[in-house]
Amino acid sequence: MKMFIQLAALWKKEWLAFARDRHGLAALFIMPAIFILIMSLALADSLSGQREPSLAYAVLDLDGTPVSHALDSLLSSVDLLSKSAPPTSEEGARLRVRDGELAFAVVIPQGFARSIGTNQTPELRFLTDPTIPGMVRNGFRQYVEAAATRVWLTHVLERLGQSMMLPELRQVTERIGRPEIAIETVSNHHNGAAVLPSSAQQNVPAWLIFSMFFVVIPISAVFIGERQHGTLQRLRAQRVSFGLVLVGKFAPFVLINQIQAVVMVAIGRWFVPLCGGEALALPGNVAALTALSMLSLAVSVAAVGWALFIASLAHSNEQATVLGGISNILMGAIGGIMVPRFMMPAEMQAWTHLSPMDWALKGFHQVMLRQGNIADVLPAICALVCFGLVALAVAAFLNRRAIST
């Protein structure tokens with residue numbers, strides 16, 4: 001019972017200290033709100049017009065004929081895309097596209113060559129990742145259509161050269177006038193609903209994650225102030241364990257982060273459209289919203305743990321501001337916060353995995369763009385929680401050593 005009374009007193013102390021920290025309030029609420037508004041409006045059109053030179057595609061040839069081989073070879077001449085190894089099956093192609101390994105997959109079905117020159121319509125299945133910008137997606141689809149039409153015409157003309165009978169020439173000429181090749185565009189979601197990305201879906205989660213990690217400013221201000229004024233020593237003299245002190249700081253700021261998340265999502269959902277931008281689209285099912293809530297909580301654990309680690313390293317508010325600010329900017333820069341990951345060169349994309357902000361952003365996009373569920377974001381949640389707990393353990397070690405000396 002005594003421990004709960006002490007914990008309640010510590011929580012009250014943290015709330016009072018945070019309420020008096022105007023700079024911390026501005027860093028956690030005003031700064032990200034301005035970023036979300038400005039970046040969502042400024043990048044409303046640019047995300048759909050960017051080219052990505054490192055996007056990968058694959059061709060699954062189920063027909064295995066010279067005609068399908070010719071189409072596969074013709075698609076290999078695309079300069080802006082890199083060709084990946086073909087999947088083993090159509091289901092494998094869908095899984096690779098859904099997991100983000102492939103941007104596109106072109107499936108050439110059985111009977112593709114046999115249907116050319118008949119009343120049947122040769123159908124290609126064109127699988128796309130919904131996170132790919134619309135201009136890139138439509139451009140590659142048009143290229144596939146053009147390549148298929150070229151192969152179709154070449155095959156028809158070859159057959160024409162084998163037989164110069166006039167009636168057949170007339171029939172083939174009529175068919176050449178308007179080739180019909182149906183291409184099915186499939187967005188790979190769990191429920192089949194296509195949700196295309198927008199600037200709001202990039203910027204709201206990105207700057208929300210970035211602002212959550214700026215909890216380092218108010219935590220450092222409170223923590224270093226208590227250390228300088230002897231508050232931590234007095235708590236230790238009253239036999240309040242340092243672990244309880246950390247829990248007393250941890251829980252209130254995790255709650256503050258969750259309030260911050262709700263406010264930022266509300267700004268993206270309702271305030272950005274009032275200023276002429278696109279509204280943030282949220283999933284409508286309970287499972288997806290639960291996954292987003294768990295992911296937001298995991299980001300808070302990582303952010304608060306990192307903040308306590310920085311506060312334990314720094315000896316003054318100035319040092320904490322510099323260390324926290326620079327580390328957050330670096331994590332944001334390589335984690336796809338400031339520049340979307342798909343716009344980075346391939347070499348730099350390999351570095352994004354080092355940033356916990358990248359783990360969080362991928363999780364948000366998995367739910368918001370690909371209709372993922374808790375199982376899909378569980379690896380990101382576990383990674384973020386482990387990151388926060390490791391940072392918290394190091395912070396506890398540093399402070400115990402400082403107090404003992």
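Predicted model: local features only at pLDDT ≥ 70, side-chain atom pairs only at ≥ 80, totals over all residues.
Colleague: Which element gives the most to the largest nonpolar core?
Modeller: That core has 57 residues, and Ile209, Phe213, Ile219, Val299, Val304, Leu308 and Ile337 touch the most other members. The elements that give two or more residues are α7, α8, α10, α11, α14 and α15. With 16 residues, the top contributor is α11.

Colleague: How many residues of α11 are buried?
Modeller: Helix α11 reaches 41 Å from its first C-alpha to its last, close to the 40 Å expected. The helix is mostly covered. Of its 28 residues, the buried ones number 20.

Colleague: Which residues is Val299 in contact with, leaving aside neighbours within four places in sequence?
Modeller: Val299 is one of the core members that touch the most others. Its contacts beyond the sequence neighbours are Ile209, Met212, Phe213, Ala360, Phe364 and Leu384.

Colleague: How many charged residues line the second largest pocket?
Modeller: The pocket holds about 300 Å³ of space. Its lining has 15 residues, with Ala261, Val265, Leu292, Ser293 and Ser296 nearest the centre. Helices α7, α10, α11 and α14 each supply at least two of the lining residues. Twelve are nonpolar and three polar, and the charged count is none.

Colleague: Which residues of α12 are buried?
Modeller: Helix α12 runs over residues 317-334. The helix reaches 26 Å end to end by C-alpha, close to the 26 Å expected for 18 residues. Its buried residues are Ala320, Gly324, Gly325, Ser327, Asn328, Met331 and Gly332.

Colleague: Which residue with a positive phi follows α12?
Modeller: The phi in question is near 80°. The residue is Gly336.

Colleague: Is Asp358 buried or exposed?
Modeller: Asp358 sits in helix α14. Not counting residues up to four places away in sequence, Asp358 touches Gly335, Arg341, Thr352 and His353. Its relative accessible area is 2%. The cut-off for burial is under 20%, so Asp358 at 2% counts as buried.

Conventions. Residues numbered from 1 in each chain as written. Heavy atoms only, no water. Core = buried A, V, L, I, M, F, W, Y, C linked by side-chain atoms within 4.5 Å. Buried < 20%, exposed > 50% of the residue type's maximum accessible area, 1.4 Å probe, protein only. Helix = DSSP H or I, 4+ residues; strand = E, 2+ residues; numbered from the N terminus. Contact = heavy atoms within 4.5 Å. Expected span 1.5 Å × (residues − 1). 1 Å grid on protein atoms, 1.4 Å probe; cavity = no way out; pocket = protein on both sides within 12 Å on 5 of 7 lines; lining within 4 Å. Points joined across faces, edges and corners; volume = space filled by probe spheres on them. Nonpolar A, V, L, I, M, F, W, Y, C, P; charged D, E, K, R; others polar.
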